[in-house]
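Student: Could you give me a close look at a single part of this model, starting from how the whole is laid out?

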Amino acid sequence: MAEKTSRLSGFYKLTPEERLRIVKDFADLTDEDISQLTTGLHIEQADRMIENVIGMVSFPLGIATNFMINGKDYLIPMALEEPSVVAAASNIAKIARVKGGFHTSSDEPVMIGQIQIVDVKYTEMVLQKISYRKDEILEKANEQDPMLVKLGGGAKDLEVRVLETDCETMVIVHLLVDCRDAMGANAVNTMAEAVTPIINECCAGNGRVLLRIISNLATHRLSRAHAVFDRDMLGGEGVVDDIVKAYAFADADPYRCATYNKGIMNGIDSVVIATGNDFRAVESGAHAYAAMSGYKPLIKWTKDENGDLNGEIELPLAMGIVGGATSSNPVAKTALKITGVTTARELAEIAAAVGLAQNLAALLALATEGIQRGHMSLHARNIAIMAGAEGEMIDRVAAIMVEEGVVRQARAEEILAEIRSG
Ligand code: MEV
C-alpha cells in the first residue's frame with residue numbers, strides 16, 4: 001500500500017465535507033468519529049466536566065497539511081479562532097519538506113511535584129533525612145498509582161533545593177514523576193500529598209510541609225523540533241538574513257519577544273486545545289521556560305553555510321493522550337486519532353514542530369510584505385457577513401474591500417447596497 005501523504009495541494013479550496021472525507025481516509029476515521037467531530041460535546045458531558053454549566057463555547061477545528069516529521073506524514077488538528085494560522089503553518093510545512101521536513105526529540109514525560117517545607121531551623125538536617133528516606137518516599141508515592149508504575153512510569157527520583165525567600169529559608173522537594181502518556185497533574189498532586197507524612201517525619205520539630213502541587217515549569221519534559229528551510233523557497237538569502245535579524249530583535253527585546261513567542265503559541269495552543277490538553281499549563285510552562293535567564297525567544301534562527309535558514313525550538317510541553325479532556329471530550333478524541341500519535345511524547349513533538357512552522361510563517365510575513373495583507377481576505381469575509389452578505393455575495397463584497405484596502409462594516413454595507421440595487 002502506498003504511504004499516506006499529508007502533502008495535499010488545494011485542500012483549502014475544498015468544502016468542509018470534502019476535506020473531512022480526505023481526513024477520514026488518511027486517519028481511518030469511523031462514521032462515529034466523524035459524527036463526534038461535528039456534534040461535539042453534549043451538554044450532559046459538559047455538565048460533568050465543570051460546575052454551573054449553561055452552554056458551550058466552540059472553536060473552529062482546522063487541519064494543518066503538509067507536515068512531515070521524522071520522515072512521517074501528519075495531518076494536524078488545530079483549534080483556534082484566528083484566521084491565517086492554519087494556512088500559514090501548512091505553507092511553512094510545505095517549504096520544510098524540501099529539506100527533509102521537521103526533526104524532533106523529547107525527554108521522558110517527567111513532571112515535577114513540588115513540596116514546600118517551611119519553618120526550617122536546620123536545613124542540612126532536613127536534607128540529610130530526606131535523602132536517607134528517599135526510597136521510602138518514592139515507594140509511598142508509587143503506591144498511589146500502581147497502573148502508572150505497571151506502564152513503566154511513576155515516581156523516579158527526588159531533587160531537594162534550598163530556597164531563599166523574603167520570609168525565610170525554605171526547603172523545596174521535587175518529586176520527579178514519569179507520567180507516561182498522561183499530562184499527569186492528578187497523579188503528581190496525589191503523590192505529592194501522599195508522601196507528606198514521611199517528609200513531615202523527616203522534619204520532626206525542624207520544619208513542616210506547606211504546599212504540595214505540580215510545577216508547570218516542566219523542565220524535565222522538554223520537546224524539541226528543528227528544520228532547515230531552503231533559502232530560495234523563502235525568497236532568497238536576503239530574506240534569510242532578515243529573518244535572522246527578526247530573531248535578534250526578539251532576543252534583545254522582551255517587548256518584541258512576547259509577541260514572537262505569542263506567534264509560536266498560536267500554533268502550539270491550537271494543537272493543545274484541539275487534543276483536549278491543558279493550554280494554561282502549557283502556556284505558563286512555555287513562558288516560564290522562556291524567562292529562565294531573562295525573557296528569551298523559544299525559537300532560535302540561524303543561517304547555515306548554504307545560506308539556508310535553520311530553526312530550533314525547545315520548550316516544556318506537558319501534553320497527554322489519556323485522561324482528562326483528551327478522553328472525555330469526543331472532539332478531542334477524534335482530533336487525537338487524526339494525529340495518529342501513539343504516545344504523549346509524539347504528540348508534544350508535533351506540537352513543537354507546529355510552533356516552529358508558525359513562528360517562521362509570522363517572521364516571513366513580517367520581514368517581507370507585513371502580516372495585514374494575509375489577514376485581510378478572511379477578515380474581509382467576516383466583515384461582509386457581519387454586514388449581512390450571504391452566499392456568493394460574501395466573496396464579492398470581501399474582494400471589493402480588499403481591493404480598496406478598506407475593510408470596515410460600514411463600507412461592506414454600502415457595497416452590499418450598491419450591488420443589490422444593481
Ligand atoms: C499574531 O497572532 C502573531 C504575530 O504577531 C507573531 C509575531 O509577531 O511574530 C504575527
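This is a predicted model: local features need pLDDT of at least 70, side-chain atom pairs count only at pLDDT 80 or more; totals for chains, interfaces and linings use all residues.

Tutor: Happy to! Residues are numbered from 1 along each chain as its sequence is written, and side-chain values use heavy atoms, with hydrogens and water left out.

The assignment gives domain 1 as 11-103 + 225-368, domain 2 as 110-215 and domain 3 as 373-421. Between the centres of domain 2 and domain 3, taken over C-alpha atoms, lie 59 Å.

Reading across, the order is β5-β6-β4-β7, with antiparallel pairing (pairing needs at least two DSSP bridges). The edges belong to β5, residues 154-164, and β7, residues 208-215; each has a single partner strand, so one side of each is left without a neighbour in the sheet. From one strand to the next, the twist averages 20° (axes are fitted to C-alpha atoms, for helices over the stretch in contact, and angles run from 0 to 180 degrees between N-to-C directions).

Look next at β4 (110-118) and β6 (169-178): eight bridges join them in the antiparallel sense.

Helix α6, residues 134-143, lies across β5 and β6 and runs at about 120° to β5. Helix α8, residues 185-194, lies across β4, β5, β6 and β7, and its angle to β7 is about 170°.

To set this in the wider packing, consider the nonpolar cores (buried Ala, Val, Leu, Ile, Met, Phe, Trp, Tyr and Cys joined through side-chain atoms within 4.5 Å; buried is under 20% relative accessible area, exposed over 50%, partly exposed in between, with a 1.4 Å probe and protein chains only). The largest has 61 residues, and Phe67, Phe102, Phe229, Ile268 and Trp301 touch the most other members. Helix α16 (344-367) supplies the largest share of that core, 13 residues. A second, separate core holds 33 residues, among them Leu138, Leu158, Val195 and Ala218.

How values were computed. Domain bounds come from an automatic or database domain assignment. Helices (H or I, at least four residues) and strands (E, at least two) are DSSP runs, numbered from the N terminus. Contact means heavy atoms within 4.5 Å.
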